[in-house]
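This report covers selected features of one structural model. Please view the sequence and coordinates alongside the text.

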Amino acid sequence: MSTNLSPVADKTKLVVRRLGRTEYVSVWDRMKEFTDSRDESTSDELWITEHNPVFTLGQAAKPEHLLAPQDIPVVQTDRGGQVTYHGPGQVVAYLLRDLRRCGQSVHDFVRGLEQSMIDVLESFDLEGLRMPSNPGVYVEGSKIGAIGLRIRHGCSYHGISLNVSMDLTPFDLINPCGLIGMKVSQIADYVPDVLYEDATERTAACIRQIWY
């Protein structure tokens, strides 16, 4: 795995929790509770999940980017960013990290999360790229990985989503991350035999490789 930055290492223990298929709001509530209750000795946690279908709106989301939600639930969240879609076959990774403890800036944290997705893609022989002014990761000009964060009391919650093997049609009902006309792809478009569970393991490994 290659990295293009020098992230701040955190030698504290990382607790990894695999939550399976979940409802978005229940996990969001748990993230807020965890963040509000943690102290300087609390271990960072990585929650890996796969959400039931849902559109989520960031704090900066504009209603016009939600084109036609149909019967998919819409949730207004406290993360940054615009509108995105979560659904089965997408790896969602929430890194609940104490940025104050390791002295890491939000900018470097965002780049590290992007790098973790780039590293996952590299492990599948795919080239993931950043796009100036548009957070996330792209393959051949299409968006494959998204990022949205909230920092509270110096600690992060929310995180990243990486499209693996899913129904992409709900993305046609929005302007993904507020980008009009942006195409969306997934690993299965390039690696048809990709296994979702393999992608989750690689995601956890790449995040650990960068910081822990």
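## Nonpolar cores

The model is predicted. Its largest nonpolar core has 35 residues. Those that touch the most other members are Leu46, Leu95, Leu113, Leu121, Phe124, Ile187 and Trp211. At least two residues of this core come from each of the strands S2 (44-51), S6 (90-96), S8 (134-139), S9 (142-152) and S10 (155-163). The helices H3 (106-123), H4 (187-190) and H5 (196-211) likewise each supply at least two. The most is given by H5, with 7 residues.

## Helix H3

H3 has 18 residues. From its first C-alpha to its last it reaches 26 Å, close to the 26 Å expected at 1.5 Å a residue.

The buried residues of H3 are Phe109 together with Gly112, Leu113, Glu114, Gln115, Ser116, Met117, Ile118, Asp119, Val120 and Leu121. Of these, Leu113 and Leu121 are also listed with the residues that touch the most other members of the largest core. Just after the helix, Asp125 has a positive phi of about 65°.

## Cysteines

How many disulfides does the structure hold? There are 0. A disulfide is a covalent bond between the sulfur atoms of two cysteines, and the cut-off applied here is 2.5 Å between the sulfurs.

For Cys155, the closest cysteine sulfur is that of Cys102, at 9.4 Å, so the two are too far apart for a bond. For Cys206, the closest cysteine sulfur is again in Cys102, at 19 Å, which is too far for a bond. Cys155 counts as buried because its relative accessibility is 3%. Cys206, at 0% relative accessibility, counts as buried too.

Where does Ser41 lie? Its place is the loop between helix H1 (24-37) and S2. Is Ser41 buried or exposed? Its relative accessible area is 59%, so Ser41 is exposed.

The side chain of Ser41 makes a polar contact with the side chain of Asp39, at 2.7 Å. Ser41 and Ala93 are 52 residues apart along the chain, and their C-alpha atoms are separated by 22 Å.

Conventions. Residues are numbered from 1 along each chain as its sequence is written. This is a predicted model: local features need pLDDT of at least 70, side-chain atom pairs count only at pLDDT 80 or more; totals for chains, interfaces and linings use all residues. Side-chain values use heavy atoms; hydrogens and water are left out. Buried means under 20% relative accessible area, exposed over 50%, partly exposed in between (1.4 Å probe, protein chains only). A nonpolar core is a set of buried Ala, Val, Leu, Ile, Met, Phe, Trp, Tyr and Cys residues joined through side-chain atoms within 4.5 Å. Helices (H or I, at least four residues) and strands (E, at least two) are DSSP runs, numbered from the N terminus. A polar contact is a pair of N or O atoms within 3.5 Å; within protein, one must be able to donate a hydrogen and the other to accept it, and residues adjacent in sequence count only if both atoms are side-chain atoms. The expected span of a helix is 1.5 Å times one less than its number of residues.
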